[in-house]
Amino acid sequence: MVIMNKLNFNKETIYTYLKEIKDPEIPVLSIVDLGIVRDVKINTDGLEIVITATYTGCPAMDMIATDIRMQLNKLGFTNLKISTIISPAWTTDWISDAGKIKLKNYGIAPPNKRFLIASNGVECPRCQSINTKLISEFGSTACKAMFQCDDCCEPFDYFKCH
Amino acid sequence: MNKPIIDYLLHLADNSLILGQRNAEWCGHGPILEQDIAITNISLDLIGQSRSFYQYAAQLKNDNTTEDSLAFFRTEREFKNFLLLEQPNGDWAQTILKQFFFSSFQFLLFQQLQKNSDETLAAIAEKSLKEISYHLRWSSEWVERLGDGTEESRNRILNAVNNLWRFTGELFIPAAYETELGIELNSIKENWQEKINEIFKNATLPILSNVFFQTGGKTGNHTEQLGFILTELQYMQRTFPGCEW
Ligand SMILES: [Zn+2]
């Protein structure tokens, strides 16, 4: 495999490649949309990708690191370091606006500052009703809460503020 | 001999790991699906916390130690978790009360730790706090619901209080490594008691007094329960050392 010529890429292009890597739990969001990628460093001895976990126990983190490695290896970046940082702590504020729209279209209500604590009334991503009920603060993954819409009668996930 | 910081990190990690392992026993057995998912999510958060602490301890030890060797190859006497956390799940009420006692404690302790001069410890505490506030709210609501619920639920939570209260004294008796690190447990004890009083009042539960407190977990003297947990937790690595998925 050929190491790409340094002239051929910069931080921006690396970000473009990273945007192709989806979160394994929410496949409509890229790891960049989610704010998991904190930095891309082009060091003299290779590339360094700095990532952070959403939740401390997020089981997807090891998989995400592997996906980054595979994606960049495929493109010829073999001198690769993936480092994980814990501070500052990840927050839903880092989910991009584009990411929030993708979430909604996918059927997950995006985090909303009016519902810092998940409670009745989060807008249904399907029919936009606010006649909704919190079923459980814990959903299919740690980052989501379960809701039920009393208008369209469908259940949905809310991505909790964190 | 370990440095106090390493002992303390192991204490924090063991607490989270052992309760995480206990809660995971509920997977597939929760009273209803939503609560099954809740308790296993909490489990995942706790195991995530323990990984962060073990990883940092391994880094400080700076030998061949890894997070896995700390979790899977230490013996009972080397574990420093609270006795409270190794107690059997019993019924839902006992599981909930254990979580509530511990989350109330963690919530206060981690607020203190996030200001610790050790930046990594402070960062782990800050990150974990976000999750702990969920655990605390969830378990508080359950204590109230059970205490102020039906006769059956009330009896069960009363029974849990009688079983578990004797393990709460240990939370506030500093081990040598805590004293050396300047971890201040007195103020936490006061605030913890206030939180318990508040929730127990809503739950119409009595506060016990004159209970003899069991201690020893922090320094490796455990109840017989821990051995059973470790047998299951460590089985694969003990049988096939270094095995990977
Ligand atoms: Zn709806």
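Buried here means under 20% relative accessible area, with exposed over 50% and partly exposed in between (1.4 Å probe, protein chains only). This is a predicted model, where local features need pLDDT of at least 70 and side-chain atom pairs count only at pLDDT 80 or more, while totals for chains, interfaces and linings use all residues. Residues are numbered from 1 along each chain as its sequence is written, chains are lettered from A in the order in which they are written, and side-chain values use heavy atoms, leaving out hydrogens and water.

**View 1. An edge-to-face pair in chain A.** Searching the whole structure turns up 21 aromatic pairs over all chains; rings of Phe, Tyr and Trp (its six-membered ring) pair if their centres lie within 6.5 Å, with planes under 30 degrees apart counted as stacked, over 60 as edge-to-face and the rest as tilted. Phe147(A) and Tyr158(A) make one edge-to-face pair, at 5.8 Å centre to centre and 85 degrees between the planes. Phe147(A) belongs to strand S6 (residues 144–149) and Tyr158(A) to strand S7 (residues 155–159), 11 residues apart; strands are DSSP runs (E, at least two residues) and helices are too (H or I, at least four), numbered from the N terminus. Phe147(A) and Tyr158(A) are both buried.

**View 2. A tilted pair in chain B.** Phe101(B) and Phe200(B) count as tilted because their planes sit at 35 degrees, with ring centres 6.3 Å apart. Helix H5 (residues 92–113) carries Phe101(B) and helix H9 (residues 186–202) carries Phe200(B), 99 residues apart. Phe101(B) and Phe200(B) are buried, and they belong to one aromatic cluster that also includes Trp165(B) and Trp192(B).

**View 3. A charge over a ring.** In chain A, the charged end of Lys160(A) sits over the Phe138(A) ring, 4.7 Å from its centre (NZ of Lys or CZ of Arg within 6 Å of the ring centre and within 35 degrees of the ring normal).
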